[in-house]
Number of protein chains: 2
Amino acid sequence: MLKTEIDMDKAAIILKLLGDKTRLTMVKLLENHDCCVCEFVEIFNASQPSISQHLRKLRDVGVVKEERKGQWIFYSINKNNDYYPFVEQILKQLPDQEDKLKALEEKGARITCC
Amino acid sequence: MLKTEIDMDKAAIILKLLGDKTRLTMVKLLENHDCCVCEFVEIFNASQPSISQHLRKLRDVGVVKEERKGQWIFYSINKNNDYYPFVEQILKQLPDQEDKLKALEEKGARITCC
DNA sequence: TTAATATATAATGATTTGCTTATATATGCA
DNA sequence: TGCATATATAAGCAAATCATTATATATTAA
């Protein structure tokens, strides 16, 4: 199997994208769980438009994808992205952020539709 | 041996730092060769202050270090940095940039003092 | 000591970024 | 249908970023 090498332009774009604490944490959370916008709003204690804009950037570059489930839109890592292995290598080196989801559940704010 | 886990704040800072094509390429070049400022100026066809400022940012965060050799100041990867493994993992996934150094040599612009 | 070379720093300005506020759109439910 | 909830988008603004120009510092060589 050929190892696909990422080109420098794209690598820089992805690194810049991940070079924001909110986005980086989002993507790390998505590594193991799909999340919807309102969950991120809770987790980061941020405004809804702010979260929405971060997700848009991640989506525009293809790092995450969205899927509507009824009222909610769930985001997940886009594993079909050519650069997914690159992103995954980075995520693997980060501490897990499970505590944030746990806190959500304790608040009763975890969305488990469907 | 304990794997040192990078914290999210620092990770985001480093990723943002590497999220610039010039800096990313610089660091990738430094992975295998020390380089001095004037070499970078040639390679990137950039102004000297611009290169100097990029290097300063990399140095401020501890990703690279400098060493004066006579007239020149050589930069190299700071392997003592706690976050060196994190950076190295990323660099490993990038295409090598040897062609850029080769072009320098052909121009006779490679500095091989000492 | 003077000139040339290599580098760093400071000041300025244009662009980008990330937030806020306001508004639009889409779904679910009464 | 009408209202509440979830999300996206647009506009505006402050802060950060990156290049440029000008200048300062350090080293080498004449």
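Let me begin with a term: a residue is called exposed when its relative accessible area is over 50%, buried when that area is under 20%, and partly exposed in between, using a 1.4 Å probe and protein chains only. What you see above is a predicted model, in which local features need pLDDT of at least 70, side-chain atom pairs count only at pLDDT 80 or more, and totals for chains, interfaces and linings use all residues. Residues are numbered from 1 along each chain as its sequence is written, chains are lettered from A and ligands numbered from 1 in the order in which they are written, and side-chain values use heavy atoms, with hydrogens and water left out.

I start with A:N45, which has a phi near 50 degrees, a positive value in a residue other than glycine. Most residues other than glycine have a negative phi. A:N45 lies in the loop between α3 (37–44) and α4 (48–60) of chain A, and because its relative accessibility is 72%, it counts as exposed. In chain B, B:N45 also has a positive phi near 50 degrees, and its relative accessibility of 71% means that B:N45 counts as exposed.

Leaving aside neighbours within four places in sequence, A:F86 is in contact (heavy atoms within 4.5 Å) with residues including A:I6, A:L15, B:I90 and B:L94.

Note on methods
Helix = DSSP H or I, 4+ residues; strand = E, 2+ residues; numbered from the N terminus.
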